[in-house]
Each structure stands twice: as C-alpha cells, then as structure tokens.
Amino acid sequence: MFGYIVRRILYMLPVLLIISIISFFVLQLMPGDFTTAFRLNPRFSKAQIAQLEARYGLDKPAYVRYWKWITGIVTRGDFGYSLETQQPAFDALFKGRLGWTLLISFGTLIFTWTIAIPIGVFSATHQYSVGDYFLTFVGFIGISIPNFFFALVVLWFMVSVLNVGARGLGIGGLFDLQYVDAPWTWAKFVNFMWHLLPVLIVVGLAGTAGLIRYMRGQLLDTLGQQYVLTARSKGLKERLVIWKHAVRNAINPLITMLGMSLPDLFAGAFFAAIIMGLPTVERAFWNSLQRQDEYVVMSGLLFFAFLLQVGNLLGDVMLAWVDPRIRYD
Amino acid sequence: MKKLVIGLVASAFLVGFALAQEYKVVPFGQDEWKDFTVGNYGGYLVVGSLDNPKTFNEHVAQETSSTDVTGRLHAGLVEINPITDLPEPGLAKSWEISSDGLTITFYLRQGLQWSDGEPFTADDVVFTFNGVIFNEDVRTDYRDVLMVEDKLPTCEKVDDFTVAFTLPAPFRPFLRMIGGAIYPAHKLQQLSRVYNPDADPEALNSVWGVDTPPEEIVGMGPFKLKEFIPDQLVVLERNPYYWKVDPQGNKLPYLDGIKFVISFSLDTIMLKFRNGELDVYAPRPEDLATLIGEAAAKGIEIMIDPTKPLFGTTWIAFNQDCPNENLREYFRMVEFRQAMSHLVDRQSMIDNIYLGLGVPQWSPVSMLSPFYYPDVPKFPYDLERAAQLLDQIGLVDRNGDGWRDFPDGTTFEFELTTNAGNTIREQCCQMFVEDAKKVGLKVNFVPIAFNALVTKLLGGEYEACLLGLTGSSEPHGGRNVEWSCGGLHFWKYSDCEEPTPVAQRIDELFDLGVKTYDFNEAYEYYKEYQILAAENQFLIYTVNMLFRYAFYKNLQNTAAFSPLVGALGLSEFLWKANPNMVGNRVVG
C-alpha cells in the first residue's frame with residue numbers, strides 16, 4: 001500500500017506540469033490582460049500604459065512568462081505575485097480565508113452527511129411510501145434550486161419576513177458588526193453560529209439532496225442482494241440487517257465520492273460566498289480571474305488541480321480501507 | 001481670504017495651548033455651511049463596500065473599493081469644497097499666482113502633525129511631488145493630469161512652510177488638480193529613486209499594500225487605518241492630529257471612525273441596509289420602492305434630487321475607423337450620426353429602464369460642471385426625422401425586404417455592443433435596436449464581456465458601442481477622450497494623423513481653455529467645444545442617472561449629500577445623534 005501511495009504521488013508531478021501548461025495557454029486566449037482595466041481610465045496616457053505592460057512583463061510572449069513562472073516555482077518555491085495587490089500569489093488567495101473556507105466546507109460536509117445518510121436509508125427502506133415521496137420531492141427541489149438564488153431568498157426571508165434586524169441580529173458575513181474585530185467570547189460564538197446556520201443550509205442543500213439520491217439508490221440495490229436475505233433468514237434484527245449488512249456495503253461508492261469531493265469543498269461555497277459575503281478562497285480566485293491577475297489565477301488552478309489529485313488518491317485509499325476486498329499491490 | 005484669517009485667529013484663541021497650530025476652521029452655520037451644526041463625538045459610520053481594498057497607497061489605487069478608504073487617510077494642499085465645488089485652502093493656508101500665471105506659491109499651515117505625530121513641513125510636499133508623483137517609477141494616474149504642454153511643473157521648497165510650483169505654461173485647472181494626497185517624507189523618502197538611487201523601482205508601488213501594519217500608514221487625513229480583515233471589514237479610526245476644527249474649536253472629525261463592511265453583492269448590501277446594519281446606502285432604481293415603503297417605520301431618509309444627475313456620461317459611439325469600409329463611409333457622415341441620435345428614445349429609457357431616475361444628456365460635459373452648456377444643438381427622438389436623414393444620405397430600402405440597403409443592394413447593418421451583464425445598458429441597446437427597426441435600419445445587438453469590449457474599443461475593432469465614461473467638474477479631465485491624439489479618442493483614432501477641421505478646432509479649444517485663469521473666458525471655449533461636439537454627434541449621449549441616497553436619520557450634518565460627495569466625502573463633518581447606534585438600532 002505504501003509503495004502504491006508513493007507511486008501515485010510521483011505520478012502527480014507530470015500531471016500537474018501538463019495541467020499548468022494547458023491552463024496557462026488557455027488563459028492567454030482570454031481577451032485583454034491585467035492592464036485592460038487601466039485603459040479606459042482617461043487619466044492614463046498611452047505611454048504610461050505601455051510602461052506598465054513592460055513593468056509587468058505583459059509585453060513578452062506567453063511562453064517566456066510561463067517559463068519564468070514555472071522556473072520560479074521549481075527553483076525558489078516562488079509562485080509569483082498578484083499584480084493587483086502586490087502580494088505573493090498564495091497570500092492573495094489564502095490569507096485570512098483558508099481557515100474560514102475549511103471551516104465552512106467541512107462544516108457543510110458534516111452537515112450534509114449527517115442529514116443525508118439517515119434520510120437516504122429511510123427513503124430506501126420505505127420505498128414508495130408517502131415519506132419517501134416527500135423526501136424525494138424535497139431532494140429534487142434541493143438539486144434544482146440554484147445556489148445563489150436560494151442564498152438570496154434565505155437572506156431576503158430573514159430581513160423581510162422575520163425582520164431579524166428588530167431583534168438586533170445581522171445577516172450575511174460571519175458575524176454581526178460588533179463581533180467581527182472583537183476577541184472570541186461565548187456571545188461571539190453564538191453569533192457566529194447564527195451566521196453559519198444559513199450558510200450550511202444553503203451550501204449543504206444541493207449536496208444533501210444529491211447524497212440522499214445516491215444513498216437511496218445504492219441501498220435499494222444492496223437490499224435486493226442475497227446476503228441481505230441470508231442475514232434476515234438468520235433471524236437478525238432488521239436494524240442490524242440494514243446498518244451492518246446493507247448500508248455497510250452500499251456506502252462504498254459514496255466513500256470514493258467523499259475523497260473526490262475535496263476540490264468541491266472549495267468550489268461549492270462559491271455562489272453562497274458572494275451573496276452571503278463570506279471570506280472564501282474560491283471567491284478570491286474568481287476575483288483574480290476577472291482581473292486577469294495571471295499568477296494568482298495560475299497558482300489557484302494549480303492548487304485546485306493538486307486538490308483534485310489528492311482527493312482521488314484519498315478516495316482510493318479510503319476505499320481500500322473500508323472494503324477489505326480491494327487491494328492495490 | 002479675510003474670513004480665513006479671522007478664522008485662524010479664532011481657532012488659535014479657542015484651542016488655547018495650540019497657539020502655533022494653524023488649524024482650519026470650518027464655519028458651520030454660515031454661508032454654504034449654514035445647514036451644518038456643531039456635533040457630539042463618538043460612534044462609527046458604517047458603510048457597505050463591494051470589494052476589498054487592493055492597496056492603501058492612494059496614488060496607485062485604482063478602484064473605489066481602495067480609494068473610498070485611502071481618500072479618508074490623506075489630504076492635499078488644496079481642497080475642493082464639498083458644497084460649492086470650488087478649490088479652497090487645505091494643507092496650504094493660502095497661495096499666490098504670479099502675474100504671468102507661471103508660478104504658484106503655496107503657504108503651508110504651520111504646526112501641523114502627521115497621524116504619527118511627526119511635524120508636517122514643506123519637505124513633505126516637495127517629496128510628494130518630486131519623489132512620488134513626478135517619479136516615472138510610480139504607477140499613478142495623477143501624473144498625466146498635471147502635464148502642461150506635455151511637460152510637468154517643477155516643485156521647489158522656498159522655506160520650511162512655503163513651496164513654489166513653476167509651470168511651463170499657464171494652466172487654469174492647476175488649483176483643482178494640485179490637491180492630491182501629500183505623503184510623509186519621513187516614512188517613504190528612502191523608497192524613492194529620486195532621493196535614494198539604490199531604491200527598488202517598484203518600492204513606491206508596493207508600499208502600503210494590504211498586508212502593511214496599520215501604524216505604518218501615515219497621513220494628514222481625518223482618519224487613519226486601524227484594521228483590515230480581508231473579505232470582512234476595514235476599520236478606520238479618528239486621526240487625533242487632524243487639522244480642522246468646528247466654530248467652537250472642537251477638533252474634527254466627530255466620529256470615532258468608519259467601518260467598511262465588505263459584502264460582494266449589492267443585493268446583500270441593500271438587505272443589510274434594510275436590516276439596520278449600515279448607516280447609508282446609494283439605492284439602485286429598483287430598490288427605491290421597497291425603501292420608500294419602509295422609510296417611515298425604520299427611520300430612513302431618502303434623497304432624490306431631480307436637478308442633480310451623477311457625474312459621467314453614457315453614450316453610443318460609432319467607430320469612424322471601423323474595419324468595414326462601407327460602414328465607415330456612413331459612420332463618418334454627420335447626418336448619419338444625427339439620425340442615430342434621433343433614434344435614441346431618451347424619455348422611454350428614463351421611464352422604463354431608469355424607472356424615472358434619469359435625465360437626458362446632450363453634452364460631453366457633466367451636467368453639474370460649471371462649464372456645462374445646456375443649450376447645445378439637440379437631436380431628440382424623432383423617427384420621421386431619422387428616416388428622412390437616412391433617405392437623404394442614400395440609405396434606402398432597395399430590394400423591398402424592409403431593411404435599408406447600401407447602394408450596391410446589400411443590407412446595411414451594423415453590430416451594436418455593450419458590456420454584458422450591465423442590465424441597464426443592455427436594455428438601452430435593445431430599445432435602440434427596436435427603434436432602429438421601425439425605420440428599417442438593421443442593428444445587431446451583441447453584448448460582450450467588459451475586458452473583451454475594452455480591447456475592441458481601444459483597438460478600433462468595433463462598429464458601434466454603448467458605454468459610459470466617468471466625469472468631473474473639470475472638462476479638461478476629458479482631454480484624453482476629446483483630443484485627436486488622445487488614448488481614448490476611440491471613435492476616430494485616425495484624427496491623430498489626419499485631423500478634420502472640427503477635430504483641430506476642438507484640440508485648440510482644449511489648449512485655450514486651460515491657458516486662461518479667467519473662468520468666463522474659459523467657459524466660452526468649452527461652450528464652443530460642447531456645441532461642436534453636439535453638432536457633430538461624435539458620441540451620441542443618452543441618459544444620465546440621477547443622484548440617489550438613503551441614510552438612517554440618526555446621522556447628522558447630512559444636508560450636503562450630493563453627486564459630489566456622499567457620506568464618505570463628508571465623513572469628517574458627520575456626527576451621530578446617538579453614537580451607539582448603527583442604522584436604526586443600538587449596538588453593544
């Protein structure tokens with residue numbers, strides 16, 4: 001197993017390199033560059049724009065810039081800097097955001113799984129019952145409602161219908177204003193929970209709905225298997241049959257999905273982050289795309305590609321761990 | 001000037017111990033300040049912001065999420081009065097213009113201190129201009145604005161509190177333009193290659209970036225930076241050394257500080273304002289009905305002034321150098337462009353798209369500018385007249401398919417574009433396309449992404465385009481657009497090599513307009529320019545949005561909110577009836 005993991009990690013390097021080349025040159029296909037936004041400013045002369053291009057190296061051909069960037073990473077671990085904020089590229093993406101992003105993402109993940117798995121099991125074991133129809137219906141709504149729209153509806157509901165402002169509560173962001181720069185206290189924690197809950201609901205909804213569908217389908221498959229029949233005929237309690245025999249087998253594909261959802265953890269909260277004003281890495285990445293802040297975009301892409309690969313690896317390893325039939329060596 | 005001297009004496013008397021400090025007294029209750037009152041100290045102004053500041057370095061800051069913050073941290077020699085829009089003393093207590101108009105001497109206030117307590121002197125001013133603004137290393141949009149006949153003025157120290165600027169030629173907008181932020185020499189001088197040849201050429205661009213410890217950012221403005229939490233909050237606090245006092249000698253500002261709540265969506269900012277989490281908000285047209293409905297219950301005041309459109313212009317440009325030569329020929333005909341103006345239904349745009357919050361615009365100069373000339377030739381919505389003009393230049397339907405054709409019988413059609421996602425502009429374009437259809441003119445509307453559009457526009461690759469430009473009181477600010485060789489002369493870049501007589505005359509008028517210090521004379525030049533621009537319809541101006549502002553009534557000294565200044569521009573004078581209140585609720 002250990003040898004397998006090392007091999008997989010070594011494979012990652014050429015893949016990342018190829019991804020970086022492709023994404024760099026795809027990026028060049030975007031019209032304009034970082035200086036485009038300066039050009040409509042009547043206070044900048046043409047000469048100064050040209051000077052700016054030279055300063056940022058944007059007048060050089062793409063392959064020269066790519067070479068400079070990639071050699072910087074290999075030789076100095078330097079991922080370039082943000083043209084917009086003059087920070088190192090990784091700071092521009094992660095600083096003040098990584099922790100919150102992970103917290104929101106893992107919070108959502110836990111929220112999703114703790115809700116979706118029991119519901120999925122219930123749906124499968126009560127197939128075609130009123131409860132199953134109802135939950136399936138809710139699930140479909142969850143999948144089909146656009147994330148950003150739902151976020152807006154939730155905030156609007158809090159203001160216009162619940163009028164939470166009259167109770168001294170804020171909406172959006174992570175805290176009410178007076179807590180943002182205050183040290184952690186119990187009151188601040190409670191306030192944080194108040195702001196986190198709508199985020200979990202909005203971000204988690206689509207994932208929950210999807211997971212319910214998967215769990216239900218998988219479990220229905222498994223419940224038809226002969227070993228379930230055997231377990232039942234042995235006289236095992238129904239609870240044990242479902243959870244120890246059926247669910248235990250049905251959940252394997254979901255474990256693989258869990259590993260592969262690692263990059264989604266960063267991407268999933270994106271729209272909600274914009275509407276709800278959350279500090280997330282994905283929004284910072286989107287901002288750099290809009291500004292064509294080349295090195296930040298590239299570093300972001302590289303980071304997400306890396307996450308995807310690690311996620312795949314994790315998925316495979318976890319699967320081997322929960323399913324003794326799987327061997328990689 | 002007399003009033004100022006009296007004010008200075010009064011302030012010295014009232015401030016007592018600070019006899020040597022030449023504070024500026026803001027005469028609340030008098031003249032243009034008549035609606036302002038002396039306030040109480042305390043509380044934060046809370047505003048929404050759509051993005052993080054990208055830098056705290058005022059001279060390289062580009063977008064409002066940065067300049068909204070940096071503008072509060074710094075001050076300049078001359079200030080623009082937020083009510084009268086005229087230059088008045090700032091860090092300089094007075095100035096003299098030599099009789100030939102070439103030398104301007106500024107006398108600085110004495111005894112002032114930077115926000116870190118260091119003394120402010122002429123060295124700071126000289127460093128700011130020679131070491132930062134005139135320094136080619138610095139990526140500032142402020143340098144080109146100060147160019148006179150393509151040369152920069154020179155800046156010299158006369159004594160510790162006197163600075164003299166020498167211009168290559170008289171330059172009327174000088175006083176309005178010279179108010180840029182003064183930077184502290186004691187903090188930054190070593191980063192400028194003018195003073196320190198070993199400095200990194202990028203140092204002055206990257207200094208005061210978003211990671212800088214707040215105490216490093218030193219200014220002469222009413223506030224100083226306290227904290228920046230990315231994606232969440234920027235906090236400014238009162239600068240205890242600020243150099244303005246109210247008529248009773250109380251130091252300004254009244255507020256403890258300003259909090260910028262960062263939220264990336266205007267929808268959310270609007271909801272936060274309604275929820276009582278922000279003190280002020282500039283509502284979009286679609287927000288107004290909701291806000292007016294809630295105003296009484298929530299204690300919101302809404303300002304809409306039909307006489308005050310925003311600075312800036314929105315227009316349709318026809319590329320007279322466009323790649324399609326057949327089109328180009330027609331785009332160059334003034335009758336064609338006049339016909340296009342007859343096709344713009346400005347009133348319906350105002351009623352249906354701007355929801356009543358707009359006024360038609362006819363001139364390239366912003367309507368609130370003192371140089372605005374209202375009676376330029378106008379070519380208002382008139383389909384018959386448009387059709388007549390198009391017939392006249394030979395654009396008629398030759399094959400009976402309902403569309404007007406080129407003389408060779410092919411359909412006359414062009415592409416109209418705008419930046420995708422701007423719903424107001426997209427709707428205006430669609431309305432234009434519909435009206436053009438009514439006179440048999442085929443217009444294809446293709447919105448594209450903003451960056452792609454700018455590249456096309458400035459590369460001369462577009463056919464027709466609806467966009468906007470920012471504006472100000474000073475028509476010279478538009479020189480880069482109007483000047484035949486200007487970088488933004490996007491409707492006809494070929495004017496640079498072979499200028500038409502009209503283009504030549506406009507170039508001349510822009511030169512004349514800045515060479516006289518006499519307002520009335522300058523006005524005549526800009527008036528002629530506006531008439532020429534309107535007659536020739538280089539850009540077909542559409543509609544200008546009206547000023548809108550909403551705030552909770554707890555906020556005081558709000559009478560002067562206008563397109564010139566909102567809550568941030570007036571923040572040094574604002575105060576809160578209840579300092580513990582944000583929006584309409586008590587916090588803490």
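**View 1. Chain A at a glance, a chain of helices.**
Let us begin with chain A, whose secondary structure comes to 17 helices and zero strands. Along its principal axes, the C-alpha trace of chain A spans about 85 × 60 × 35 Å. Chain A has 329 residues, and 36% of them are buried. If we take contacts in chain A between residues at least 6 apart in sequence, 72% join residues at least 24 apart.

**View 2. Confidence along chain A.**
Chain A has a mean pLDDT of 86, with 97% of its residues at 70 or more. Within chain A, confidence is highest in α8(A), at 91, and lowest in helix α14 (residues 262-267), at a mean of 70. A friendly reminder for any such view: where pLDDT is low, the predicted coordinates should not be read in detail.

**View 3. Where chain A meets chain B.**
Here 44 residues of chain A are in contact with 49 residues of chain B. On the chain A side, at least two residues each come from α2 (36-39), α3 (46-56), α8 (147-161), α9 (177-180) and α15 (270-276). Helix α8(A) gives the most to this side, with four residues. Sorted by class, the side of chain A that touches chain B has 18 nonpolar, 17 polar and nine charged residues.

**View 4. The largest nonpolar core, with members from both chains.**
This core holds 140 residues, and those touching the most other members are A:Ala151, A:Leu155, A:Ala272, B:Val47 and B:Leu574. Helix α10 (residues 186-223) of chain A supplies the largest share of the core, eleven residues. Look next at A:Leu155: leaving aside its neighbours within four places in sequence, A:Leu155 is in contact with A:Ile171, A:Gly172, A:Ile275 and A:Met276 of chain A, and with B:Thr268 and B:Leu271 of chain B. A second, separate core has 66 residues, including B:Leu327, B:Ala339, B:Ala387 and B:Tyr541.

**View 5. Strand β21 of chain B and its pairing partners.**
Strand β21(B) is mostly covered, with ten of its ten residues buried. Strand β14 (residues 300-309) of chain B runs antiparallel to β21(B) and is joined to it by six bridges; here B:Ile300 has B:Tyr552 as its bridge partner. Strand β16(B) also runs antiparallel to β21(B), with three bridges between them, and B:Pro360 is the bridge partner of B:Val543 in β21(B). Strand β13 (residues 280-281) of chain B pairs with β21(B) in the antiparallel sense over two bridges, and B:Tyr281 stands opposite B:Ala550.

**View 6. The buried side of helix α11 in chain B.**
Helix α11 of chain B covers residues 346-353, and its buried residues include B:Arg346, B:Met349, B:Ile350 and B:Ile353. These residues lie on the same side of α11(B), because they cover an arc of only 110° around the axis. An α-helix has 3.6 residues a turn, so residues three or four places apart point the same way. What do the buried residues of α11(B) pack against? Their partners are β16 (358-360), α13 (423-438) and β21 (543-552) of chain B.

Although B:Leu355 is not a glycine, its phi is positive, at about 50°. Most residues other than glycine have a negative phi, and most peptide bonds are trans. B:Leu355 counts as partly exposed, with 15 C-beta neighbours inside 10 Å.

**View 7. B:Asp150, another positive phi.**
The loop between α3 (122-133) and β7 (154-159) of chain B contains B:Asp150. B:Asp150 is not a glycine, yet has a positive phi of about 65°. Is B:Asp150 buried or exposed? B:Asp150 is exposed, with 8 other C-beta atoms within 10 Å.

**View 8. A cis peptide bond in chain B.**
The bond to find here joins B:Leu252 and B:Pro253; this peptide bond is cis, with omega at about -5°. B:Pro253 sits in the loop between β11 (244-245) and β12 (257-262) of chain B.

Note on methods. Residues are numbered from 1 along each chain as its sequence is written. Chains are lettered from A and ligands numbered from 1 in the order in which they are written. This is a predicted model: local features need pLDDT of at least 70, side-chain atom pairs count only at pLDDT 80 or more; totals for chains, interfaces and linings use all residues. A residue is buried if 20 or more other C-beta atoms lie within 10 Å of its own, exposed if 12 or fewer, and partly exposed in between; C-beta atoms are placed from the backbone. The arc is that of the directions from the helix axis to the C-beta atoms. Two residues are in contact if their C-beta atoms, placed from the backbone, lie within 7 Å. Ala, Val, Leu, Ile, Met, Phe, Trp, Tyr, Cys and Pro count as nonpolar, Asp, Glu, Lys and Arg as charged, and the others, Gly among them, as polar. pLDDT is the predictor's confidence in each residue, from 0 to 100. A nonpolar core is a set of buried Ala, Val, Leu, Ile, Met, Phe, Trp, Tyr and Cys residues joined through C-beta atoms within 7 Å. Two strands pair if DSSP finds at least two bridges between them.
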